[in-house]
Amino acid sequence: MRPTARLLQHTARVTLFTRKNCGLCDTGKSVLNSLGKKRSFEYNEIDVMAPEQEQWKNAYEFDVPVVHIQRVFHTYSKPDIATEARKLMHRFDEDQVEKFIDEAEGHS
């Protein structure tokens, strides 16, 4: 079953940039897992230490986990994080993420 166009216009994609063996990254994953039980959003995790993800490691400073939130216009859209990076957050909590998801979806 494919989502309707109306539903897709109000969907957020959350991308979490992490590093292996990072306690703060584990906390970030926990925050997003908790929020995912309350509301729906597309989730993607990128390990910046993986060789194929070196572009992200070079693009941002990753001493702490970074979350990026953007609006998803259709199911086949790829994250355009390089140009949509205004919502990058370091050391975030559930309320902050929820607020930014609301903004991405066009809610006040």
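Okay, some ground rules first. Residues count from 1 along each chain as its sequence is written, and side-chain values use heavy atoms, with hydrogens and water left out. Since we're looking at a prediction, local features need pLDDT of at least 70 and side-chain atom pairs count only at pLDDT 80 or more, while totals for chains, interfaces and linings use all residues.

Let's start with the sheet. When I say helix or strand, I mean DSSP runs, numbered from the N terminus: helices are H or I with at least four residues, strands are E with at least two. Four strands make an open sheet here, in the order S2-S1-S3-S4, and the pairing is mixed. Two strands pair, by the way, if DSSP finds at least two bridges between them. At the edges sit S2 (42-47) and S4 (89-90), each pairing on one side only.

Now go along the neighbours. S1 and S2 are parallel, with six bridges, and Leu16 stands opposite Glu45 in S2. On to S3: seven bridges join S1 to S3, and those two run antiparallel. You can find Thr11 opposite Val72 there. S3 and S4 are antiparallel too, over two bridges, and Val66 has His90 in S4 as its bridge partner.

So what lies on this sheet? H2 lies across S1, S2 and S3, at about 165° to S1. H4 packs on the sheet as well, touching S1, S3 and S4, and its direction makes about 25° with that of S3. Contact here means heavy atoms within 4.5 Å. For those angles, axes are lines fitted to C-alpha atoms, for helices over the stretch in contact, and the angle runs from 0 to 180 degrees between N-to-C directions.

Let me stay with S1 for a moment. Are its residues buried or exposed? Eight of the eight are buried, so this strand is largely enclosed by the rest of the structure. Buried means under 20% relative accessible area, exposed is over 50%, and partly exposed is in between, with a 1.4 Å probe and protein chains only. In a regular strand, side chains alternate between the two faces of the sheet. In S1 both faces are covered: Thr11, Arg13, Thr15 and Phe17 are buried on one side, and Ala12, Val14, Leu16 and Thr18 on the other.

Next, the cores. A nonpolar core is a set of buried Ala, Val, Leu, Ile, Met, Phe, Trp, Tyr and Cys residues joined through side-chain atoms within 4.5 Å. The largest one has 15 residues, and Val67, Ile69, Phe92, Val97 and Ile101 have the most contacts inside it. Strand S1 (11-18), helix H2 (23-36), strand S3 (66-72) and helix H4 (94-105) each supply at least two residues. H4 gives the most, with four. There's also a second, separate core of five residues, including Phe17, Ile46, Trp56 and Val66.

Last topic: charges. Side chains of opposite charge can pair when their charged atoms come close. We call it a salt bridge when a side-chain nitrogen of Lys or Arg is within 4 Å of a carboxyl oxygen of Asp or Glu. How many does the structure hold? Five.

One of them joins Glu42 and Arg13, at 2.9 Å from N to O. Glu42 is in strand S2 and Arg13 in strand S1, so this pair ties together parts that are 29 residues apart in sequence. Glu42 is partly exposed at 31% relative accessible area, whereas Arg13 counts as buried, at 2%.

Then there's Glu94 with Lys38, at 2.4 Å, N to O. Glu94 lies in helix H4 and Lys38 in the loop between H2 and S2, so here the parts tied together are 56 residues apart in sequence. Glu94 counts as buried at 17% relative accessibility, while Lys38 is exposed at 58%.

And finally, Arg39 meets Glu98 at 3.4 Å, N to O. Arg39 is in the loop between H2 and S2, Glu98 in helix H4, and the two are 59 residues apart. Arg39 is buried, at 16% relative accessibility, and Glu98 is partly exposed, at 25%.
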